[in-house]
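Morning, everyone. I have one structure today and will go from the whole chain down to a few elements.

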Amino acid sequence: MSQGSTTTSRPQFLPQPCETDGVDNLQVNVGGVNLPWKPILQCHADFPPEIFEIAVSQLLHHPEYNSTLILRSEILSDSATDFPVGLPSLAGFRAVRNITRRLLPRRPGRDVGMEQHCTMYAPDVGDDDRPVVLVLTPIVESDGSLPYYHPAVHHLAFRYIPAEVPLIRIEADPFPSTPTGLDSRLYRTCLALLDTVHRYGWGSLTNYKKRVQHDCIIGREAYQDLYLVMRKRHKHLINEWQEVTDPLKHVFEDIGIATFLILLWKDSYGARELEAPDDVNGENLDGMPWRQWPRPPGGFLDLGCGNGLLTHILTAEGYDGHGIDVRARTSWSHYPEATRARLHVESLDPTSLKRQAQEHPYLRQGVFMIANHADELTPWTPVLATLFDASGYLSIPCCAWAFDEKYERSRVADYPVPDDSFVDGLNLGGDGSNASSYSRYRIWLASLSLYCGWKVECENLRIPSTRNWAIVGRSRIQMESGDETEESPSRSNIEEIMLKVQERGVFKTRTPEGKAKDH
């Protein structure tokens with residue numbers, strides 16, 4: 001493909017060997033002698049040289065995309081003038097930028113972290129500092145060893161080779177005993193890395209935008225650090241699983257949701273300038289600092305809590321709250337007494353609830369409501385949050401329900417929204433057309449939340465579920481007049497909703513199963 005052409009889809013990734021193409025190997029100057037590095041493989045670049053730095057920068061900032069053993073990278077330094085001693089001296093190239101990063105393992109108990117120099121080089125000829133080579137150099141002691149997730153090499157280089165058909169090539173300075181053949185681990189690693197650079201380069205050229213954005217509300221680093229601690233504290237639940245469902249999915253999913261909630265509450269209910277969630281990085285999480293972090297003033301209520309696992313994890317970590325469901329699960333009786341006392345059999349009828357919070361023992365002022373795949377209660381969540389002056393809610397919708405029937409986009413109209421930018425900000429993913437039934441349902445839920453007086457925030461949670469889109473309400477829309485005594489339109493809006501449902505008379509609560517008094 002010529003550099004000036006564009007297509008709507010990425011050109012096919014076609015890796016090929018480097019042995020007979022006539023391009024000189026990358027060489028490093030050692031003691032005045034140029035020694036060649038081992039070429040591993042290459043492919044057509046399909047993008048111009050000015051894109052190279054953008055493509056490899058993505059690689060540097062997100063190593064976890066190429067290895068499930070890596071959690072993330074942290075940039076320690078980034079300089080265009082200060083270069084560490086011992087960086088490779090490449091024949092025909094000069095160093096123009098050095099980034100030092102730390103690679104953090106996903107399983108700290110199994111793998112160790114390590115630091116790495118990431119050095120960019122430009123051609124010696126001319127004064128153009130645009131890099132065309134990236135060299136990764138692990139920083140290890142002379143008698144040290146590399147973690148498993150790092151290739152067994154002294155250096156690994158990515159090179160953009162200008163030509164009539166430009167190339168990207170990976171070359172290495174492997175350890176003497178490292179295999180480099182087509183069936184070797186080094187070759188497979190380089191194949192995946194080359195594919196990634198090719199994809200990033202093409203995406204940068206065509207201004208590709210990720211379909212889904214993560215970490216919009218809670219920062220990635222804060223979430224990952226706390227999640228690792230929570231996983232260590234609660235992974236024993238996999239071996240104690242009492243349900244017939246997959247324990248790996250449910251345990252890790254609810255650990256992820258609990259982690260998100262703990263950080264969300266920390267950010268929402270404390271002095272933000274002192275309690276920002278990014279402070280997690282500077283705290284000793286082994287000391288359980290979340291026990292003193294801010295939390296909902298009215299505790300939490302897990303609507304349709306199912307197996308009760310999320311309620312159990314939050315209760316075990318010191319958070320006050322309750323979980324309700326129409327039937328007790330097998331797991332309930334196996335939790336500690338502190339959790340069992342917080343799980344209740346109840347069939348909630350939103351149409352019969354009154355505005356006075358004292359009429360319900362768990363729906364009290366300041367409560368934070370959780371609706372994780374709550375089915376029929378999903379659309380009622382923002383309504384009840386407004387009715388009972390809740391401090392916020394988290395809704396993770398799955399099955400599409402309107403107030404008293406299955407959601408059908410042909411029969412259920414969206415509530416008013418300010419403009420098209422409202423839908424654009426929902427982070428729905430997909431191709432942007434929002435034509436699917438699930439996308440239309442989420443738009444309807446978001447417009448309902450706005451209609452109920454909540455500022456709408458959305459997040460794609462880092463949990464092992466295809467239904468990971470969440471809507472968060474944690475602050476109310478203020479009256480334009482600024483008069484706190486003036487009745488908000490959201491009050492009349494929810495009363496209108498409840499009146500219409502009552503008039504239709506088709507809403508039915510599920511019948512509670514089992515003995516409610518036992519839970």
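Of the 519 residues in the protein chain, 50% count as buried. Keep in mind that this is a predicted model. The secondary structure comes to 10 helices and 16 strands. The accessible surface of the chain is about 24,700 Å², and carbon and sulfur atoms account for 50% of that. On contacts: take those between residues at least 6 apart in sequence, and 68% of them join residues at least 24 apart.

Now strand 16, residues 469-473. What are its pairing partners? Strand 14, residues 392-396, runs antiparallel to strand 16 and is joined to it by 3 bridges. Within that pairing, Ser395 has Ile471 as its bridge partner. Strand 15, residues 457-460, also pairs with strand 16 in the antiparallel sense, over 4 bridges. There, Asn460 is bridged to Trp469.

Is strand 16 enclosed or open? Buried means under 20% relative accessible area. By that cut-off 5 of the 5 residues are buried, so strand 16 is largely enclosed by the rest of the structure. In a regular strand, side chains alternate between the two faces of the sheet. Here Trp469, Ile471 and Gly473 point one way, Ala470 and Val472 point the other way, and all are buried.

Next, helix 10, residues 489-504. A quick check on its geometry: with 16 residues at 1.5 Å a residue, helix 10 should span 22 Å, and its end C-alpha atoms are 23 Å apart, which agrees. Which residues of helix 10 are buried? They are Ser490, Arg491, Asn493, Ile494, Ile497, Met498 and Val501. These cover an arc of only 165° around the axis, so they lie on the same side of helix 10. The background is that an α-helix has 3.6 residues a turn, so residues three or four places apart point the same way. The cover over those buried residues includes helix 7, residues 380-387, and helix 9. After helix 10 comes Gly505, with a positive phi near 70°.

What does its side chain do? The side chain of Ser439 makes a polar contact with the side chain of Ser436, at 3.0 Å. Setting aside neighbours within four places in sequence, Ser439 is in contact with Leu428 and Asn434.

That is what I have. Questions, please.

Terms used
Residues numbered from 1 in each chain as written. Predicted model: local features only at pLDDT ≥ 70, side-chain atom pairs only at ≥ 80, totals over all residues. Heavy atoms only, no water. Polar contact = N/O pair within 3.5 Å; in protein donor to acceptor, adjacent residues only side chain to side chain. Contact = heavy atoms within 4.5 Å. Buried < 20%, exposed > 50% of the residue type's maximum accessible area, 1.4 Å probe, protein only. Helix = DSSP H or I, 4+ residues; strand = E, 2+ residues; numbered from the N terminus. Pairing = 2+ DSSP bridges. Expected span 1.5 Å × (residues − 1). Arc of directions from axis to C-beta. Areas by Shrake-Rupley, 256 points an atom, 1.4 Å probe, with all protein chains shown as cover.
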